[in-house]
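Open the model in a viewer and keep the selection tool ready. Each stop below says what to select and what is found there.

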Amino acid sequence: MELSIEKLPDGLHPVSLEENLGEAFVLDEDCHLASPVRLNGSLMVSEKSIVLQGDVSVLMNFCCCRCLEKVQEKISSEIVTYFEKTDRAIPDGEKLTEADDLEILEYGAKTIDLSRRVSEIINLNLPMKPLCNSDCKGLCPKCGNNLNKSSCACIKQQIDPRWQSLLTTLKEE
């Protein structure tokens, strides 16, 4: 996902990008891109820096972690990145990591590659346990039947034999 900055004059510029990205773009093997990745926002260009602010959104396909049905969910988040135009090297005492929201650009740079930042934002906003709905009943642990679609004839409650004597005492009272 690249943004051309070659002929942009100083000032505020609207940004609207839409691109189909590969499956390797998302780190989780259980989810897949269902739509192009969209980036809408603004680009503030000055002589020595560029600031990108906007929203990233994409539709993703997941499997519900309880019933294994397919689920489609919109992932969206804000992106803010600062690009510094420079021809100097980074001093030894100053180290940048991938977590910093600062990118160093050469003065002659014609494009900005946003792929790593956009991938990072999408991967950080993936749900830990995607659900088809909040009250999903899941699968029967005995027969594997989807309990959202129909019930099964399996015995629902099994009492641990170690607690059987306590249950008997409680019934007597």
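One definition is needed from the start: a residue is called buried under 20% relative accessible area, exposed over 50%, and partly exposed in between, using a 1.4 Å probe and counting protein chains only. This is a predicted model, in which local features need pLDDT of at least 70, side-chain atom pairs count only at pLDDT 80 or more, and totals for chains, interfaces and linings use all residues. Residues are numbered from 1 along each chain as its sequence is written, and side-chain values use heavy atoms, with hydrogens and water left out.

**Whole chain**

Begin with a cartoon view. The chain has two helices and eight strands; helices (H or I, at least four residues) and strands (E, at least two) are DSSP runs, numbered from the N terminus. Followed from the N terminus, the order of elements is β-β-β-β-β-β-β-β-α-α. Of the 173 residues, 31% are buried. Among contacts (heavy atoms within 4.5 Å) with a separation of 6 or more, 54% join residues 24 or more positions apart.

**The core**

Select Met60 and Leu114. In the largest nonpolar core, which has 27 residues, these two touch the most other members. A nonpolar core here is a set of buried Ala, Val, Leu, Ile, Met, Phe, Trp, Tyr and Cys residues joined through side-chain atoms within 4.5 Å. Now colour strand 2 (11-19), strand 4 (37-45), strand 5 (49-63), strand 6 (70-85) and helix 1, each of which supplies at least two residues of this core. Strand 5 gives the most, six residues. As a general point, nonpolar side chains in soluble globular proteins tend to be buried together.

**Isoleucine 121**

Move to isoleucine 121, in helix 1. Is isoleucine 121 buried or exposed? It counts as buried because its relative accessibility is 13%. Show its surroundings: apart from neighbours within four places in sequence, isoleucine 121 is in contact with Val56, Ser77, Glu78 and Ile79. Isoleucine 79 is 42 residues away along the chain, yet the C-alpha atoms of isoleucine 121 and isoleucine 79 are separated by 7.4 Å.

**Salt bridges**

Next, show the charged side chains. Side chains of opposite charge can pair when their charged atoms come close. A salt bridge is counted when a side-chain nitrogen of Lys or Arg lies within 4 Å of a carboxyl oxygen of Asp or Glu, and by this rule there are four.

Select glutamate 69 and lysine 149, which form one of them, with closest N and O atoms 3.3 Å apart. Glutamate 69 is in the loop between strand 5 and strand 6, while lysine 149 is in the loop between helix 1 and helix 2, so the pair ties together parts that are 80 residues apart in sequence. Glutamate 69 is partly exposed at 32% relative accessibility, and lysine 149 is exposed at 63%.

Arginine 116 and glutamate 120 have their closest N and O atoms 3.9 Å apart; because they are four residues apart in helix 1, about one helical turn separates them. Arginine 117 meets glutamate 120 at 3.7 Å, N to O, and these two lie three residues apart in the helix, about one turn. Arginine 116 is partly exposed, with a relative accessible area of 34%, and glutamate 120 is partly exposed at 27%. Arginine 117, at 3%, is buried.

**Cysteines**

How many disulfides does a search of the whole structure find? The count is zero, where a disulfide is a pair of cysteine sulfur atoms within 2.5 Å. Select cysteine 67 and cysteine 64: the sulfur of cysteine 67 has its closest cysteine sulfur in cysteine 64, at 3.7 Å, which is too far for a bond. Cysteine 152 is also in no disulfide, and the nearest cysteine sulfur, that of cysteine 140, is 3.5 Å away. Cysteine 67 is buried, at 4% relative accessible area, and cysteine 152 is buried at 18%.

**The surface**

Finish with a surface view. The chain exposes about 11800 Å², with carbon and sulfur atoms supplying 50% of it; these areas come from the Shrake-Rupley method with a 1.4 Å probe, and for residues only the protein chains shown count as cover. Select Ile159, Trp163, Leu166 and Leu170, which make a nonpolar surface patch of about 420 Å². Patches are made of residues with over 30% relative accessible area and no salt bridge, joining like charges within 9 Å and nonpolar side chains (Val, Leu, Ile, Met, Phe, Trp, Tyr) within 5 Å. Isoleucine 159 sits in the loop between helix 1 (115-124) and helix 2 (164-172), and is partly exposed at 41% relative accessibility.
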